[in-house]
Amino acid sequence: MNSIKQLRHAPQSEAGMSGAEQRLRARLQMALHTDLPARVAAVTGVGGGPLSLSQRREIGRELLDEASAAHTEDELFAGHALLDSETERRVVEQLLDEMFGLGGLQPLLADQSVETIAVNRYDRVFVQYNDGSRTQAAPVAASNEELTDLIRTLAARASSEERRFDRGSPALNLQLPGGERLFAVLGLTAGGVTACTIRRHGYLTATLAQLRRRGTLDVGLERFLRALVRARKNVLITGGTGAGKTTLLRGLAAEMDPLERVVTVEDAFELGLGLDPQLHADVTALQAREPNVEGEGAIDQAELVRWGLRMSPDRVIVGEIRGAEVIPMCNAMSQGNDGSMATLHASSSKIAFTRLASYAAQGPERLPLEATALLVGSAVHFVVHLDRAADRTTRVIASIREVVDAEAGSVISNEVYRQGPDRRAVPVAGALRADTLDDLVAAGFDPDLLSRPEGWWTP
């Protein structure tokens, strides 16, 4: 069993602090409350513009250093025992994290090897690392109320729009300053406590070559996927939670012409395709919007896909299909926006068609199974499925399925790469349709790469 990982910066309740530490904390909190606004205003007046969070944090640090020195003098004159410098530094860092950072979450997020943080309650925290190992971490707050307040503070910083987190709006989905995704619930768990999960995308930029070096695909798959993008095939990427779907989507997108017009649609910004103009110069990124406190103003992904089609895109990319957007997305794929892509939670490449059908049936159009199958069959060209390798740690491409047609309410497909003994995808001889192979060869693919039944995972 993994040992419990105790973090030095874990929040403490006041009952766990010495009297000297409580006095220092109270003095520094008062300094921040009374003096920080004036300090920030003075600097803003000189510079003539708003300050970044890091600049505000530096001002706060200077203020706390001054207040800490004054507190030490007062304690000395009062005859009190002085705190050691390490304790003073820790209290200062905790207050800065609470004011400008992420509170008790800050130490965990500062560790780049941390991939997922599961806060079941303020003092029950579990962490998963990049290597797949898991451990229990120290509490991230001193109480349930403190954790709830921290999440509300993060929501206020995350966007200029109003983001509620209360009994009337008990679920919150947002992006943290470092790009991590936080999802929190209030009053819905056993005991009615606040809980949250934070996921970090390990690779904010990716290319197929980089993914090959990381072991996600072999050279044959790299060239096959590159040809799919260049031949403008519509691709659906599937897999479970944390399988690497978004990372692979970034890798495929890196193979596009940088000047192609791309519209991305996301529930919350994660792709970041327009951040590097060398890779993607012409990108409009759209994000769904939740309703305001009056329950109005919501805009879902389905509406954004429809709007995106009016923006003259060469390709449309949906970060993740979650519901009714499946129909406008398939319409986009089948009406001239070839080369479009999306991701979907699914346990296999074949089950993806059932998931798409269920979303279509639940949407406002209420498409029957036969109509959905025809729509998907004419829209999606390939399904690329991600899974874990036999070591249960490495993310790998496990299957690629070519969509052939639709008949009697079913999508007909061929698995052109199937899962091998170690769960990595290997080519299936003769499975790819001849006209599709011609398209890929015209896009630069070497058909001899399909001739090796064990794939190209090893030299």
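**Helix packing and cavities in a predicted model**

The axes of helix α11 (residues 351–362) and helix α12 (residues 369–379) come within 10 Å and cross at roughly 125°. That makes α11 oblique to α12. This is a predicted model, where local features need pLDDT of at least 70, side-chain atom pairs count only at pLDDT 80 or more, and totals for chains, interfaces and linings use all residues. Residues are numbered from 1 along each chain as its sequence is written, and side-chain values use heavy atoms, with hydrogens and water left out.

**Terms for the helices**

- Helices (H or I, at least four residues) and strands (E, at least two) are DSSP runs, numbered from the N terminus.
- Axes are lines fitted to C-alpha atoms, for helices over the stretch in contact, and angles run from 0 to 180 degrees between N-to-C directions.
- Angles under 35 degrees count as roughly parallel, over 145 as roughly antiparallel, 65 to 115 as roughly perpendicular and the rest as oblique.

**α11 against α12**

- α11 passes α12 in a right-handed crossing. A crossing is right-handed if the near helix is turned clockwise from the far one by less than a right angle, and left-handed if anticlockwise.
- From α11, Phe 353, Leu 356, Ala 357 and Ala 360 meet Leu 369, Thr 372 and Val 376 of α12. Contact means heavy atoms within 4.5 Å.
- The residues of this α11–α12 contact comprise 6 nonpolar, 1 polar and no charged. Ala, Val, Leu, Ile, Met, Phe, Trp, Tyr, Cys and Pro count as nonpolar, Asp, Glu, Lys and Arg as charged, and the others, Gly among them, as polar.

**α10 against α12**

- α10 and α12 pack at about 40°, with axes 8 Å apart. That makes α10 oblique to α12.
- The crossing of α10 past α12 is left-handed.
- Ile 327, Cys 330, Asn 331, Met 333 and Ser 334 of α10 meet Leu 375, Val 376, Ser 378 and Ala 379 of α12.
- By class, the α10–α12 contact has 6 nonpolar, 3 polar and no charged residues.

**α9 against α10**

- Helix α9 (residues 301–309) packs with α10 at an angle of about 25°, their axes 8 Å apart. That makes α9 roughly parallel to α10.
- Ala 302, Val 305, Arg 306 and Leu 309 of α9 make the contact with Pro 328, Met 329 and Ala 332 of α10.
- The α9–α10 contact divides into 6 nonpolar, no polar and 1 charged residues.

**Cavities**

- A search of the whole structure finds 2 cavities of 30 Å³ or more. On a 1 Å grid over the protein atoms alone, a cavity is a set of points where a 1.4 Å probe fits but cannot get out, and lining residues have an atom within 4 Å of a point. Grid points are joined across faces, edges and corners, and a volume is the space filled by probe spheres set on the points.
- The largest cavity has a volume of about 50 Å³. Its lining includes His 71, Thr 72 and Glu 75. Helix α2 (residues 53–77) gives the most to that lining, with 3 residues.
- The lining of the largest cavity has 4 nonpolar, 2 polar and 2 charged residues.
- The second largest cavity holds about 30 Å³ of space. Leu 236, Ile 321, Met 329, Cys 330, Met 333, Leu 356 and Val 380 line the second largest cavity.
- Helix α10 (residues 326–334) gives the most to the lining of the second largest cavity, with 3 residues. By class, this lining has 7 nonpolar, no polar and no charged residues.

Terms used: 1 Å grid on protein atoms, 1.4 Å probe; cavity = no way out; pocket = protein on both sides within 12 Å on 5 of 7 lines; lining within 4 Å.
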